[in-house]
Amino acid sequence: MAAHRCGLSLVFILIFSSLACHSSCDSLENANEDTEEKQSVSDTPREVNSDGSIAAEDLNERRGRSTDAELDRRDGTRTSEALTPAAAARDEFQEELVIRPLHSGDIYASFQFRTLWDTDFLQEGQKVSHYRLFPKSLGQVLSKFSVRELHISFTQGFWRTMQWGQPFIPSPPGAELWVWFHDTVSDVDGNWKELTNVLSGIFCASLNFIDLTNTVQPSASFKPLGLGNATDHRFLRYATLPREIVCTENLTPWKKLLPCGSKAGLAVLLKSEKLFHSSFHSQAVHIRPVCQDEQCTSKAWELRQTLNVVFDLYTAGQGKKEWSLFKMFSRTLTEACPLATSSKVYVDITDNPEGELFELSPATPLLSQAVVLGDRRTYSVFDLTRAETFGQLRSLNLLLRWKGDGGEMLRPLLHAERYVAGFGLQTGEIHTVIYNNHPYRAFPVLLMDSVPWYLQLYIHTLTVTSKSRDNKPSYIHYQPAKDRHRPHLLEMLIQLPPHSMTEVTVQFERALLKWTEYTPDPNHGFYVGSSVVSALVPSMVAMNTNFTQDQPLFSSFVPVKEESSYFVRVYTEPLLVNLPTPDFSMPYNVICLTCTVVAVGYGSFYNLLTRTFQVDEPSLPLAKRLANLIRRIRGVPLLT
Amino acid sequence: MDNSPKTENSLTIYPFVVPNLLISYCCILVMPEKQRGRYAALAIAAVVIVVGIPLWWKTTETYRAWLPFSEISELDSLQLQLSVDIEVVFSRGTLTPEQQKKFPLSHVNEKEHQVDVSIPELLTSPSTEADLSLHMLSESSCGSVVVYVIPESSTLLPEDVKVYVGQRRTALLRSPPFKTSWNLKEVLSNLDVEVEQVVSTMSFGHQDIVAALSNRVRMTKVTKESMADSMRAIKSSPGYEITFSLLNPDPKSHSLHWDIEGAVQSYIQPLLNKLAPIANFSVDSQILYYAVLGVNPRFDNSVSAYTLSADSLSHVINPVEARLGSNAASSNPVLNFLLYVPDAHHSPLFIRDHSKRKVPSNAFHSPRWGGIMVYNVNEMYGPEAERPVDININMAKVMGVFLAQLRLMLGVQHTHPPTGFVLQSPGSAGLADWELDRLLWSRSVENIATASTTITSLAQLLDQIGNIVINDNIAQQVSSAVTSLQSAVAELEAGNLAFALQYSREAILASERAFFDPSLLHLLYFPDDQKFAIYIPLFLPMCVPIVLSLLKIVSEAKKRRADKQAKSD
């Protein structure tokens, strides 16, 4: 097979620092985000804040909060004199909800809950077993399996990048799990297997179907997002289950991990009957080690629980373009989670600077700016920790009424899609199309494809073309599959020319499975997980050459102002491939047929052996017998 | 009419039908042919029976490794013999010089306890070894007991105290009056009753053993109290998870701080260190917010407090348990200890027992599950205090209750000493050496009982269901469990408590591994009708001609014999 002959071709070692990544937060970032800001400065580049946290606020607000915090601390020392190291531990919990009206008329709501667990986990031999805000079940998993970083997402539906823009936290359809283990782990595969089993119990999902046949170790696409610069991808495991269906039973355990559960704070909005009545639903858990202060003297585990949902209120609301918290979630907000140090609701009002497009009520004086995914956005902020946010009614029901038609959306700079071509049930071709919509900048992307072994890739047919010219990838990492043991892994660093469409094609042959390897509904087809495109995309802020806005002249001469690029990860559609499917009564038919053939052969053989042959007296012809009959009547001797 | 032999059947008929001339012809030509066919049929039948059937049997057989069934069936009728080394030390002045001369002397007192008809159990208790040398601080080995006999007139013990049990494995016994004319044997037999009482306090009594065997034996003649004791204690297991949970249903009003790490270090860890030979313990803690009890407490005007009656306590646990979460990292049994701080609107909250009195500790426990304590904080702040109020929990008070509950759960039972006994309080570790011994005794017996039950039921199951594959590793686990069991029983008999416990733990581990091995389930549901549905297309066409021709040969042989008889007649 050609695929196996080609083997592993490492072209050159990727210097990942070219994918260096910067904090996407604004310079006005508040005190709570300092940790992350510092991380991006501290050591090797990481994809910090690639999820685009947007907790920036204005300066006044920050001052107000920090004094509050000081007061709190003083109270604490007064009441608890000479007491409790437990009180000294700085566990922290934050919650926020971002609502972004999409140009398609849909509403994108993104929840983020962040729990910091102040514990010295990197110290060897110390058993951490006391939990305050951090959920015990996850903490035990971390320490038992020596997990350094864990990212798990469950997604129902497909994120439509071209209509909705980039999500804050991208995730592929189905379940995705990637884990970095500590480099002290000797049996990574064993730990991984047990970990998936335990996680499937915790999240009520079929993660236990993750085994070696769908696990890969990407060499460049998934770098740790937290502290530490692990680069040895032997300690990384990545797997997707595109078939996984996400529903209430996954949401309930996810909510149980929150300190306030669904009893208070933003989590009261998470009602499954509304959340799953949506176009897109994605929930995720990200655990990583982070620094807790600027000098990074103390470390902490960060648990980020995110939930992204897109509501199609336009069609549900009979074409009326208006939404409210109550319409979306059938609940309103009445209080913040008392354990949360910050609890905020952000509404994206970037497209509506003068209120000509829509009307948001209640109005809030608090505005916040943040650079999210390379774009400067403006947000209205509702701080749930303040009593005045809830007004007279003691409840907050955000209401947004559109006045006109939504403006044109900026096309996302990076977009990818994938499909299967070809006919028949023997061979086929996977097409991955990556779009660079930037008018004048070329940038590299890292494409990662994990294809199950039953699609036997012909790697010699791999072609990368952009603008109908051959585009030679500068880095290829290919690991061929082993039948029933591991999938294909293909990673490539491709330079995308500006304003172009790059097509990656590779041919494959469909393998014949053993009859027990088929799923219960084999004619549905077999899923192939999304391919992952990771890239540093030039920022739109930097791209902005529109000088009509009020800007000081000195700032607008050199177009690159702030972060010149931002990290983005794009998932393509999962593929559904038909494999040649046998008739499943075949084994029985074969048994019956063989048995019949054997029985027939045996029967004639037996007959031949046991039959006796005897000389038969030839019987008289009919004419003679008739003649004899007559002769008998007449009394004449008979004929012989 | 038709004299030509059409069928083979007519063979024996022709001598009477056909003319004589034909007879000779037929005999020459037909008989060898007939004979050959018959032999061929017989040969094929023989091949099928001798080669085909064993081959089919062998190739479709399930693999079943050899198991020591006979030894397992011996385990079924478990004969346990427990022996305790007892050292009786006579202090100066208790014995006359003549009595001192005759030593050493060993003297065995056997006692039989009939636990159940099916399981006769033999107790040797106590095998007394008299040792006249008096070394006061002899370090006694695990499981043994040293009894110091002091003169009747000694002022070491208060007047009415007959026996004093120390923290270690020692007891002081005030000697009853001896006659100087007695020899040592008589002196010892005179002491028997007292020594036996001491032993049943410090090592084990009948009730303890019965309680330990309660899993195996349906009890009929056991008091309600010891039944409750045995039900309360969590079952023997190689490890336990102890989880302390602080339930804060009202984080808006109370901001609770508890120094659980320090409290575990100072209160729980010494006890667990002491218990290390019994099992591995791991301790963790968590704080749960918005966790509520399952019942609404009732407001009682007479005490102006909320109360939980004893009847409603059984409904308290279930809703909380959903929040507690199971341990993701191990499958050991979990002991839960919950500290519940009632919310501001339901404070103070008191638990009342069946006689409507306030429970002083304000705590209760659920057998084999854990304990719950209600901790009222409403008096720690005034009504105008700014919410949330920072509250530090007094861990000494809490841990005192939890420690007592933990002792109950672990089976460190309250002994009911006979009158005249004084027990010293168990020091800082919370557990005296002899209490540990008591626990070890009952745990070893319980382990042995559990392991032998597991092994016997597994053997029974494997015996009954022939489809189960028995792999070599299962056979190995089973036989190692059996050997460990046998060694444990032998060590108990020899009085080596520490070894007995170790072997019994190994036996339990091996037997559980064998019992829960997933490979046992592979072919469990392989129904026979489906198997035969597959075989029939082959078997039916093959067997029918063989059977028919065999039947024919038999009937021909019968007929020929009948003919021969008719001829000879």
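**Reading a hairpin and its salt bridges**

Guide: Welcome! Let us begin with a turn: in the hairpin of β15(A) and β16(A), five residues lie between the strands, and Gly422(A) takes a positive phi near 105°. Keep in mind that this is a predicted model.

Visitor: How do strands β15 and β16 of chain A run, and how many bridges join them?

Guide: Start with a general idea: in a regular strand, side chains alternate between the two faces of the sheet. Here, strand β15 (residues 414-421) and strand β16 (residues 427-436) of chain A run antiparallel, and eight bridges join them.

Visitor: Which residue in β16(A) is the bridge partner of Arg418(A)?

Guide: That partner is Thr432(A).

Visitor: Now to charged side chains. How many salt bridges are there over all chains?

Guide: The general idea is that side chains of opposite charge can pair when their charged atoms come close. Over all chains, the count comes to 20 salt bridges. One of them is between the side chains of Asp189(A) and Arg237(A), with 3.0 Å from N to O. This pair links distant parts of the chain: Asp189(A) sits in helix α7 (residues 188-203) of chain A and Arg237(A) in strand β6 (residues 236-241) of chain A, 48 residues apart.

Visitor: Is Arg237(A) buried or exposed?

Guide: Arg237(A) counts as buried because its relative accessibility is 4%, and the cut-off for buried is under 20%.

Visitor: Which residue of chain A forms a salt bridge with Lys252(B)?

Guide: Glu335(A) does, and the closest N and O atoms are 2.7 Å apart. This pair crosses between chains: Lys252(B) is in the loop between β8 (239-248) and β9 (254-257) of chain B, while Glu335(A) is in the loop between α11 (325-329) and β10 (342-348) of chain A. Lys252(B) is partly exposed, with a relative accessible area of 45%, whereas Glu335(A) counts as buried at 18%.

Visitor: What is the distance between the closest N and O atoms of Asp353(B) and Arg357(B)?

Guide: In that salt bridge, the closest N and O atoms are 4.0 Å apart. Asp353(B) is partly exposed, with a relative accessible area of 26%. Arg357(B) counts as exposed because its relative accessibility is 55%, and exposed means over 50%.

Visitor: Which residues are linked with Arg114(A) in a network of salt bridges?

Guide: Arg114(A) is linked with Arg288(A), Glu302(A) and Arg304(A) in such a network.

Key. Residues are numbered from 1 along each chain as its sequence is written. Chains are lettered from A and ligands numbered from 1 in the order in which they are written. This is a predicted model: local features need pLDDT of at least 70, side-chain atom pairs count only at pLDDT 80 or more; totals for chains, interfaces and linings use all residues. Side-chain values use heavy atoms; hydrogens and water are left out. Helices (H or I, at least four residues) and strands (E, at least two) are DSSP runs, numbered from the N terminus. Buried means under 20% relative accessible area, exposed over 50%, partly exposed in between (1.4 Å probe, protein chains only). Two strands pair if DSSP finds at least two bridges between them.
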